[in-house]
Amino acid sequence: MCLFQYADDPEPEEPVPAGLLYVPVRPGGPVTAIRLFRTPLGERTAVGFTGTEPLTATLGAAQPWIRLSETALRALAAPLGVRLLTVDPALSAPAVTPVPAPEPAVRTA
């Protein structure tokens, strides 16, 4: 019996490692960077999706992505201090839309 956990071992609440994920990225010229998000409590998290359908439903069809293993995604996020990985986040806030300024009141005397 091995008492050590390795990088491919699942988290205690996860039944199995996530495997290959669709990871949202920010293209920026010659480099591509993974997108990091925040949990509802404000903690930074890396995000991966198990398919293009959940990714598109959450982030939109225009969101670029790359395929990475769970281990590779964790390795990219770790130097940035991000230890949390969220797979297939179900909820996201809608995009912020500007509220038009109210029209000034017209005074009639």
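This is a predicted model: local features need pLDDT of at least 70, side-chain atom pairs count only at pLDDT 80 or more; totals for chains, interfaces and linings use all residues.
Trainee: Which residues does Glu43 touch, not counting residues up to four places away in sequence?

Mentor: Along the chain, Glu43 and Val82 are 39 residues apart, while their C-alpha atoms are separated by 8.5 Å. With residues up to four places away in sequence not counted, the residues that Glu43 touches are Phe37, Arg38 and Leu84.

Trainee: What pattern does the chain follow, read along the sequence?

Mentor: The secondary structure comes to 2 helices and 6 strands. Read along the sequence, their pattern is β-β-β-β-α-β-α-β.

Trainee: What share of the contacts with a separation of 6 or more comes from residues 24 or more positions apart?

Mentor: The chain has 109 residues, of which 24% count as buried. Among contacts in the chain with a separation of 6 or more, the share from residues 24 or more positions apart is 71%.

Trainee: Is Ala46 buried or exposed?

Mentor: Ala46 lies in strand E4. Its relative accessible area is 3%, and the cut-off for burial is under 20%. Ala46 is therefore buried.

Trainee: How many Å apart in space are Ala46 and Leu76, C-alpha to C-alpha?

Mentor: Beyond four places in sequence, Ala46 touches Leu36, Leu73, Ala77, Val82, Leu84, Leu85 and Thr86. Leu76 is 30 residues from Ala46 in sequence. From C-alpha to C-alpha, the two are apart in space by 9.2 Å.

Trainee: Is Ile34 buried or exposed?

Mentor: The place of Ile34 is in strand E2. Its relative accessibility is 16%, and burial means under 20%. Ile34 therefore counts as buried.

Trainee: What separates the C-alpha atoms of Ile34 and Leu76?

Mentor: Leaving out residues up to four places away in sequence, Ile34 touches Val23, Pro24, Val25, Leu68, Leu73, Leu76 and Ala77. Ile34 and Leu76 are 42 residues apart along the chain. The separation of their C-alpha atoms is 8.1 Å.

Trainee: Which elements give two or more residues to the largest nonpolar core?

Mentor: That core has 9 residues in all: Leu21, Val23, Ile34, Ala46, Leu68, Leu73, Ala77, Val82 and Leu85. The elements giving two or more residues to this core are E1 and H2.

Trainee: How many residues are in the other core, which lies apart from it?

Mentor: Among the residues of this other core are Phe37, Val47, Phe49 and Leu55. Its residue count is 5.

Trainee: Why do the buried residues of H2 line one face of the helix?

Mentor: Helix H2 spans residues 70-77, and its buried residues are Glu70, Leu73, Arg74 and Ala77. Seen down the axis of H2, these buried residues line one face because they fall within an arc of 100 degrees.

Trainee: What covers the buried residues of H2?

Mentor: One of these residues, Ala77, is in contact with Ile34, Ala46 and Val82, leaving aside neighbours within four places in sequence. For the buried residues of H2, the cover includes strands E1, E2, E4, E5 and E6.

Trainee: What separates Arg74 and Glu70 in helix H2?

Mentor: An α-helix has 3.6 residues a turn, so residues three or four places apart point the same way. Arg74 and Glu70 are 4 residues apart in helix H2, so their separation is about one helical turn.

Trainee: Which is the nearest side chain of opposite charge to Arg35?

Mentor: Arg35 lies in the loop between strands E2 and E3. Arg35 is buried yet has no salt bridge. At 14 Å, the nearest side chain of opposite charge is that of Asp88.

Trainee: Which side chain does a polar contact join to that of Arg35?

Mentor: Not counting residues up to four places away in sequence, Arg35 touches Pro24, Val25, Arg26 and Gln63. The polar contact is 2.5 Å, and the side chain it joins to that of Arg35 belongs to Gln63.

Trainee: What is the phi of Asp88?

Mentor: The place of Asp88 is in the segment after E6. At 27% relative accessibility, Asp88 counts as partly exposed. Although Asp88 is not a glycine, its phi is positive, at about 50 degrees.

Technical notes: Residues are numbered from 1 along each chain as its sequence is written. Side-chain values use heavy atoms; hydrogens and water are left out. Buried means under 20% relative accessible area, exposed over 50%, partly exposed in between (1.4 Å probe, protein chains only). Lys and Arg count as positive and Asp and Glu as negative; His and the chain ends are not counted. A salt bridge is a side-chain nitrogen of Lys or Arg within 4 Å of a carboxyl oxygen of Asp or Glu. A polar contact is a pair of N or O atoms within 3.5 Å; within protein, one must be able to donate a hydrogen and the other to accept it, and residues adjacent in sequence count only if both atoms are side-chain atoms. Contact means heavy atoms within 4.5 Å. The arc is that of the directions from the helix axis to the C-beta atoms. A nonpolar core is a set of buried Ala, Val, Leu, Ile, Met, Phe, Trp, Tyr and Cys residues joined through side-chain atoms within 4.5 Å.
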